[in-house]
Amino acid sequence: MADDYFTYKGILFHPLSSNENDLNFIENEFQVLDDDIFNITYPKSGTTWLTEILSLIRSKGDPTWSKTVPNWERSPWIEVIDVAKRLNTSSERPPFMTSHLAKSIFPRSLVGSKAKVIYTVRNPKDVLVSLYYFAQMTTFYKDPESFEQFLELFLKGEVPFGSWFDHVNGWMELNGQSNFLLLCYDDLLQDLRGGVVKICKFLGQELDDETIDLVTKHSLFKNMKENKMANFSLLANYFDQSKSPFMRKGISGDWKNHFTVKQAEHFDHVYQERMNGFHWIFPWDKN
Ligand code: A3P
């Protein structure tokens with residue numbers, strides 16, 4: 001099995017999921033359409049959660065679609081081999097598309113289009129912890145040698161999809177545009193229903209209170225964990241859930257159970273350096 005990452009424009013990718021030719025096509029030739037809706041995240045920031053919420057909004061709270069069609073078909077990852085080329089020529093577009101691509105290599109045709117972008121961020125320390133377990137259970141990442149080593153790789157951006165800092169700072173350039181919605185995993189945990197209402201408003205979808213309650217209920221962690229079309233149990237070749245479940249804990253602040261004081265200080269130091277000059281304030285910046 002291929003185990004070496006390759007680099008596209010300075011960003012690491014795993015050859016099992018992407019290749020240079022497709023990434024070049026995505027960046028330069030993929031046609032973003034005005035009706036497109038993109039679910040964009042740095043890995044482990046709530047991607048599958050958003051797909052579930054978007055699916056349930058689309059089906060007006062009815063979970064049938066979410067429980068019969070895998071999430072990667074409901075909202076395909078455009079960077080996965082052949083997906084973008086297939087979507088570009090198909091007369092039918094999926095209702096949503098997902099991507100972990102950095103803004104710098106995202107389809108150029110996004111610029112000037114009315115396509116909607118939902119960008120979800122999560123406390124990067126929790127992203128790192130979630131990614132550390134994910135890297136052990138999936139064939140799409142190399143096995144970490146230790147938490148300490150993985151922390152360094154993460155801070156240097158030497159992991160698939162590159163640096164968290166570049167990703168967030170790149171996409172945040174769109175913040176304030178009417179076709180860009182910024183969501184935070186940690187806020188969704190606090191108030192999922194409020195998040196659903198916000199997403200509906202952004203999409204121009206008017207749902208009544210009862211429907212919003214249904215969307216909220218079916219996208220709760222405990223319900224998604226049971227959903228085979230959301231928990232990746234169908235892809236046993238790629239995800240070994242005996243090592244760590246994909247739907248692992250679904251909480252905020254798990255980093256406190258993993259970082260030593262020294263590691264947290266080091267992380268904060270790099271964070272300050274890399275976020276210096278940017279004016280955004282995320283929930284975790286306030287603690
Ligand atoms: P943990 O590993 O911290 O549990 P992604 O979908 O971007 O790969 O992110 C996966 C992370 O989101 C995992 O975090 C997973 O448990 C969490 N997650 C998925 N659905 C969730 C939900 N409904 N509520 C809370 N967390 C959820």
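How many residues of S3 are buried, and is the strand enclosed by the rest of the structure or open? Of the 5 residues of S3, 5 are buried (under 20% relative accessible area, with exposed meaning over 50% and partly exposed in between, for a 1.4 Å probe and protein chains only), so the strand is largely enclosed by the rest of the structure. This is a predicted model in which local features need pLDDT of at least 70 and side-chain atom pairs count only at pLDDT 80 or more, while totals for chains, interfaces and linings use all residues. Residues are numbered from 1 along each chain as its sequence is written, and side-chain values use heavy atoms, with hydrogens and water left out. Helices (H or I, at least four residues) and strands (E, at least two) are DSSP runs numbered from the N terminus.

**The sheet**

- Four strands form an open sheet in the order S4-S3-S5-S6, with parallel pairing, where two strands pair if DSSP finds at least two bridges between them.
- Strand S4 (97–99) and strand S6 (180–184) stand at the edges with a single partner strand each, so one side of each is left without a neighbour in the sheet.
- From one strand to the next the twist averages 20°, with axes taken as lines fitted to C-alpha atoms (for helices over the stretch in contact) and angles running from 0 to 180 degrees between N-to-C directions.
- Both faces of S3 are covered, with Ile37, Asn39 and Thr41 buried on one side and Phe38 and Ile40 buried on the other.
- S3 pairs with S5 in the parallel sense over 5 bridges, and it is joined to S4, which runs parallel to it, by 3 bridges.
- Phe38 has Val117 as its bridge partner in S5 and stands opposite Met97 in S4.
- Strand S5 (residues 116–121) also pairs with S6 in the parallel sense over 5 bridges, and here Val117 stands opposite Phe180 in S6.

**Helix H2 and its surroundings**

- H2 packs on the sheet, touching strand S3 (37–41), S4, S5 and S6, where contact means heavy atoms within 4.5 Å; the direction of H2 makes about 155° with that of S3.
- The 12 residues of helix H2 (residues 47–58) should span 16 Å at 1.5 Å a residue, and the end C-alpha atoms are 17 Å apart, which agrees; the expected span is 1.5 Å times one less than the number of residues.
- H2 is mostly covered, since 11 of its 12 residues are buried, among them Trp49, Glu52 and Leu56.
- In the loop between S3 and H2 lies Lys44, which has a positive phi of about 70° although it is not a glycine and which counts as buried at 12% relative accessibility.
- After H2 comes Lys60, whose phi is positive, near 55°.

**Helix H8**

- Helix H8 (residues 164–171) is mostly covered, with 7 of its 8 residues buried, including Trp164, His167 and Trp171.
- The buried residues of H8 are covered by elements that include S3, S5, S6, helix H6 (124–137), helix H7 (147–156) and helix H13 (261–275).
- At the start of H8, a side-chain oxygen of Ser163 reaches to within 3.1 Å of the backbone nitrogen of Phe165.

**Aromatic pairs**

- There are 32 aromatic pairs, counted when rings of Phe, Tyr and Trp (its six-membered ring) have centres within 6.5 Å, with planes under 30 degrees apart called stacked, over 60 edge-to-face and the rest tilted.
- Trp65 and Phe96 form a tilted pair, at 6.5 Å centre to centre and 45° between the planes.
- Because Trp65 lies in helix H3 (residues 64–68) and Phe96 in the loop between helix H5 (83–89) and S4, the pair ties together parts that are 31 residues apart in sequence.
- Phe96 is buried, with a relative accessible area of 4%.
- Tyr132 and Phe150 form a tilted pair, at 6.0 Å centre to centre and 50° between the planes, which links helix H6 and helix H7 across 18 residues; both residues are buried.
- Ring pairs also link a cluster whose members include Tyr42, Tyr132, Phe150, Trp255 and Phe267.

**Other loop residues**

- Phe232, in the loop between helix H12 (221–226) and H13, has a positive phi near 65° and is buried, with a relative accessible area of 5%.
- Ser146, in the loop between H6 and H7, counts as partly exposed at 29% relative accessibility.

Notes
A polar contact is a pair of N or O atoms within 3.5 Å; within protein, one must be able to donate a hydrogen and the other to accept it, and residues adjacent in sequence count only if both atoms are side-chain atoms.
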